[in-house]
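I would like the cut-offs behind each term to be stated where the term is first used.

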Amino acid sequence: MSTTTACGPAQDSAYRAVLGSPHVARLLGGTLIGRLPTGMAPIAILLLVRAEHGPLALAGALGALYGLASALGQPLLGRLVDRHGQTQVLVAATATASTAFLLLPCTGPVRHPVLAALTVLVAGLATPPLEAGLRALWPVLLPAAERQRTALSLDSSTQGLVFVAGPLLATGFAAGAGATTALVATATLGLLGTGLVVTARPSRAWTPAEFTEAVHWTGPLRVPGLRVLFAALIGTGVALGAVNVLALSAAERHHAGWLAGVMPAALSIGSMLGGLAYGRHAWPGAPAKHLVAASIGFAAGWLPLLLPDPAPAVAVLGAVLPGTFLAPLLTAAFLTVDRLAPHGESTEAFAWLIACIGVGQAAGTALASLTTAPLLVAAVPLAGAAFALWLLHRFNDRLSS
């Protein structure tokens with residue numbers, strides 16, 4: 001990687017060049033639209049259960065089940081993409097997930113919670129691996145390494161929009177036309193986004209690699225460096241999953257309901273700004289070094305939230321700070337996966353990365369929910385980020401090899 005630092009108009013033109021490259025804007029936009037269900041579904045499910053006067057515990061359990069199933073299904077679907085191509089897998093997965101969203105209101109979640117849970121499980125497991133598929137396409141769309149890094153920075157920065165726009169869309173549709181309409185919109189947007197991706201020529205033309213011998217059943221997990229990276233990203237996910245609980249706790253203490261939504265949004269905005277800034281420079285050193293540097297900032301960014309009962313403004317700024325290091329951390333992680341993934345297994349490798357973050361998020365939400373003490377709730381994201389930093393620093397040689 002070049003050690004020359006370029007900024008300002010030069011890198012702005014790099015972003016324009018990436019977005020102006022054939023198919024890039026369509027595939028990036030389609031992926032974002034197709035992933036909106038992951039941000040909409042948990043809220044839409046909760047609103048559906050509450051609309052039927054069901055208990056909050058059931059609503060939360062179904063939402064958590066969807067998130068966990070969505071994360072766990074990604075590696076399997078990623079492996080299928082690596083074996084059979086993007087079109088068949090993405091179309092089948094999206095059709096299955098969308099059908100499940102449409103059927104969920106018909107199950108009567110409050111009267112038939114087991115049937116509703118099975119439907120939610122199918123919707124989650126069938127979440128199409130659009131994000132992993134896009135990451136596998138970047139080397140095809142942009143052969144130049146610097147362009148790929150710029151694209152990954154842009155990619156990582158914009159993914160946070162899914163978790164800002166998704167809940168807003170779900171609540172908006174539910175408020176205007178009911179919870180069932182919110183689920184119909186969730187299914188429709190999933191179909192629309194996936195349709196934009198699979199009808200683009202690079203996605204249709206993407207062909208699986210030919211394997212000269214049987215691939216080990218563990219897939220990319222057989223690579224030591226990837227195991228370290230994926231385990232570390234579980235810790236990153238723990239930090240992200242605890243944010244919603246941390247925000248709700250702060251909102252209740254300060255009688256400021258807006259904090260529950262603004263703090264997670266502030267984290268996403270910080271991530272977007274940090275990712276765009278990271279992509280504006282050609283930083284020296286290998287991606288493995290960038291991982292450690294970004295992890296230091298991500299962990300340190302949670303420290304202000306350990307202050308005794310920080311004011312709402314401080315809490316919002318405290319969420320922005322770690323967010324600024326999140327997208328650079330993820331970009332460096334994607335670059336590391338791209339370098340370490342075995343031949344022909346890149347989609348599954350990226351899917352494992354996404355799955356580990358998702359599992360960490362579920363764990364972080366659960367851990368932060370175990371206590372009502374503000375200091376202990378605030379310590380959960382710091383602990384997750386510190387665990388990730390320790391692993392990445394301790395085993396950095398495996399990531400560099």
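The structure holds zero disulfides, a disulfide being a pair of cysteine sulfur atoms within 2.5 Å. C106 counts as exposed because its relative accessibility is 63%, whereas C356 is buried, with a relative accessible area of 10%.

The model is a predicted one, in which local features need pLDDT of at least 70 and side-chain atom pairs count only at pLDDT 80 or more, while totals for chains, interfaces and linings use all residues. Residues are numbered from 1 along each chain as its sequence is written, and side-chain values use heavy atoms, with hydrogens and water left out.

The interior can be approached through its nonpolar cores, each a set of buried Ala, Val, Leu, Ile, Met, Phe, Trp, Tyr and Cys residues joined through side-chain atoms within 4.5 Å. In soluble globular proteins, nonpolar side chains tend to be buried together. Here the largest nonpolar core has 87 residues, and those with the most contacts inside it are L229, M263, W302 and L353. Its largest share, 16 residues, is supplied by helix α10, which spans residues 224-254; helices (H or I, at least four residues) and strands (E, at least two) are DSSP runs, numbered from the N terminus. Apart from this core lies another, of 22 residues, with I45, A97, A123 and A126 among them.

A buried serine can be examined in the same way. S153 lies in helix α7, residues 145-177, and it counts as buried because its relative accessible area is 0%. With residues up to four places away in sequence again left out, S153 touches Y15, G275, Y278, G279 and T331.

On the surface, L68, L72 and L125 form a nonpolar patch with about 250 Å² of accessible area together. Patches are made of residues with over 30% relative accessible area and no salt bridge, like charges being joined within 9 Å and nonpolar side chains (Val, Leu, Ile, Met, Phe, Trp, Tyr) within 5 Å, and the accessible areas come from the Shrake-Rupley method with a 1.4 Å probe, where for residues only the protein chains shown count as cover. L125 belongs to helix α5, residues 113-125, and is partly exposed at a relative accessible area of 39%. L68 sits in helix α3, residues 56-84, and is partly exposed as well, with a value of 34%. Leaving aside neighbours within four places in sequence, L68 is in contact with V359 and A362. The C-alpha atoms of L68 and E348, which are 280 residues apart along the chain, are separated by 17 Å.

The charged side chains complete the tour, and the count comes to seven salt bridges, each defined as a side-chain nitrogen of Lys or Arg within 4 Å of a carboxyl oxygen of Asp or Glu. One of them joins E131 and R35 at 3.2 Å, N to O, and links distant parts of the chain, with E131 in helix α6 (residues 130-141) and R35 in helix α2 (residues 24-51), 96 residues apart. Both E131 and R35 are buried. E131 also forms a salt bridge with R135, the closest N and O atoms being 3.0 Å apart; because R135 and E131 are four residues apart in helix α6, about one helical turn separates them. R135, like E131, is buried.

A further salt bridge pairs R253 with D309, whose closest N and O atoms are 2.8 Å apart. This pair also links distant parts of the chain, since R253 is in helix α10 and D309 in the loop between α12 (287-300) and α13 (312-340), 56 residues apart. R253 is partly exposed, with a relative accessible area of 30%, and D309 counts as partly exposed at 43% relative accessibility. Elsewhere, salt bridges that share partners join R35, E131, R135 and D155 into one network.

Notes:
Buried means under 20% relative accessible area, exposed over 50%, partly exposed in between (1.4 Å probe, protein chains only). Contact means heavy atoms within 4.5 Å.
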